[in-house]
Amino acid sequence: MHKVFDLPELGLTAEIGKLARQADGAVWIKAGDNVVLATVVASKKDQDYLGFFPLTVEYRERFSSVGKIPGGFVKREGKLSDNEVLTSRLIDRPIRPLFPQEFFNEVQLLCTVYSFDGKFPVNVLALIGASLALTISEIPFLGPVGAVHACKIDGKWKFNAPYSEASDADSDIMIAGTQAGICMVEGHCNNVPESELIDLLFSAHEEIKKQIQWQLDIQKELGVKKAELNNSIDLAGWKKKIKDVLATDYLNPLFSTSKKASYAAFEALENKVVETFESQIKSEEISKTIILSLLDAIVKDELPQEIVKRSKRLDGRALDQVRNIMSEISVLPCAHGSSVFQRGETQALASIILGTGQDAQKTETLLGGLGERSFMLHYNFPPFATGEVKPIRGAGRREIGHGYLAESSFLNVLPSQEQFPYTIRSVVDILESNGSSSMASVCSTSLGLMDAGVPLKSHISGVAMGALRDADGNMHVLTDITGKEDGFGLMDFKVTGTESGIMAFQLDIKDKVGLPRQLMEKALEQARIARIHILCEMAKTLVKPKQLSDLAPRVISFKVPQDKIGAIIGPAGKIIKEIIAKTTTQIDISDDGTVKIYSKDSTAAGRAECWIRIIAGDVKVGSVFTGIIKRVADFGVFVELVPGKEGLIHISTINRQKQNDLYKICKINEPLQVKVVAYDSDTDRIRLVSPELE
């Protein structure tokens, strides 16, 4: 049954029942010439609880969608790019909480971009398509969800702007929500006030509700019936049995200023409950995994009530209190900048390296072509940070996501390439973790960049906010959450910024209901107060950027005429290679004529600059050179001033007596001191004289 559904307000068209018909749900969703296929399949065999919901989300961009063949040696798509990983996470995060707690079947959601014209954000198209595929399937899904891409262009917010406009915006935000409220936000901005952000989010929610109603109307017209959950175990009954064996004060040992003590108390509680039901586990009446899962659910239900009752959190802090902060700079002697930032039991080490233009990362995007990334923040989370033993297999989706969030915080405070022509890399290793490690990486990077001498416009700090609901349904905001508070809480809201405003944020709601406006306002206000407090603590270590690190290469940057670039490079790069070899510098030349010379030796850099300027036609009359004799002719001597640029000593300027023995006096490849007496920029000819020949 092939049907087509339109949403004219957004220009969306969804085709159902024509393609990928063996998937549980498949949507061919279009906006103009943008096309995404979203499919979802759930395993047919009921599974026992694994300790997590086995949802896999994968977003893919095909280069064929823009008529391109992938670059590099392998001409087919390989592992996900960072952008594909980030978009996969954007789709996963608002959808994952919207499955029933009793549903354990494996679910795979695939979104593939088959056509892209750049006039509608395909990440929005993919998320809406994914939600609709779930909505029209029999898979139990408590959605739908909708999404909006917001960009601030010329001081005004615009929804779902085309790529050509969005790529120049200084604020870029992805917003997702359910019918009830906002459930996921991620993006970066430029000192946006809290009140402006709140107005934007709830204005976007009005657009999201239209998308959701459209999906519900499609579901109704198709007559979709959701599959009933077939759970052979009485989870509610077992939950009551476990609750009945718990002591009235079983939560008390969890309240400790030490993470190790609190986690040990929880582990002891788990062991005690497992021992109580050991016979039922052995007889396979119930599994240990389900017992522990139900215990975890009980703690998540009751711990928030206990925290509200005591007005104190597990580590003894007030609800709006930031953990103790310590920071230190210049901890790594051979790095260009470094810092350690510690907040409570979370510790981040940042290593800053300043490189040349050739160190910039080349990126290939669908419409952007080949670009360069001159600032990189790489976040690492080794297993020892939480006292665990795990295999290390490179950066996972979490590391890429946390690194990107932290990196985007600095986009609007970094100097321009004209002001500071370096490639900058921050490597952040989390050495110890008890929550909010991504925000610690922001703080450590900010201190490390200033330690390296990077002229940041201002310090950046970050804080993670949480929320819990008491027995009366009232919501309470937590400042600077720990790992356990992230686990049992209803919200993970990371906010970074300066004293003036917000620079980046990431919001995930774990509740089935979206975030109400009042809670958002309270969370942002508490985050603002905490952010400023953290900035003040960081300022005790370092207030403003230091002098450029002595270990960093020095750089000279200037422009030459574009039509002279070829002469500077020379045939097969001969000239530029010779300059680099003779001056031991590194030289980058951009298509717009910008030349960057990197060297730790200022004299060598000056020589390279002089040579390039002369080749580019910046020849000053009166300049003196020690040149190399290249040719002797009847009408004069050709002398190479610098590689690739020669001048002529005309015979008329040479002593008459020396003219007769000119071939003997002027030997090829011998040095000769000369002075520039004339330069014709139209013909690029240089006239010289030599004191030795006068």
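1. The lining of the largest cavity then divides into five nonpolar, one polar and two charged residues. Among them are Pro 94, Thr 178, Asp 511 and Lys 512.

2. Please keep in mind that this is a predicted model, where local features need pLDDT of at least 70, side-chain atom pairs count only at pLDDT 80 or more, and totals for chains, interfaces and linings use all residues. Residues are numbered from 1 along each chain as its sequence is written, and side-chain values use heavy atoms, leaving out hydrogens and water.

3. Now to Arg 531, which sits in helix H12 (residues 517-539); helices here are DSSP runs (H or I, at least four residues) numbered from the N terminus. Is Arg 531 buried or exposed? Arg 531 counts as buried because its relative accessibility is 1% (buried means under 20% relative accessible area, with a 1.4 Å probe and protein chains only). Its side chain makes a polar contact of 3.3 Å with that of Glu 194 (a pair of N or O atoms within 3.5 Å, one able to donate a hydrogen and the other to accept it; residues adjacent in sequence count only if both atoms are side-chain atoms).

4. Helix H6 (residues 259-276) is worth a look too: Ser 258 caps its N-terminal end, with a side-chain oxygen 3.3 Å from the backbone nitrogen of Lys 260. Buried residues of H6 include Phe 266, Leu 269 and Val 273.

Conventions
1 Å grid on protein atoms, 1.4 Å probe; cavity = no way out; pocket = protein on both sides within 12 Å on 5 of 7 lines; lining within 4 Å. Nonpolar A, V, L, I, M, F, W, Y, C, P; charged D, E, K, R; others polar. Helix = DSSP H or I, 4+ residues; strand = E, 2+ residues; numbered from the N terminus. Buried < 20%, exposed > 50% of the residue type's maximum accessible area, 1.4 Å probe, protein only.
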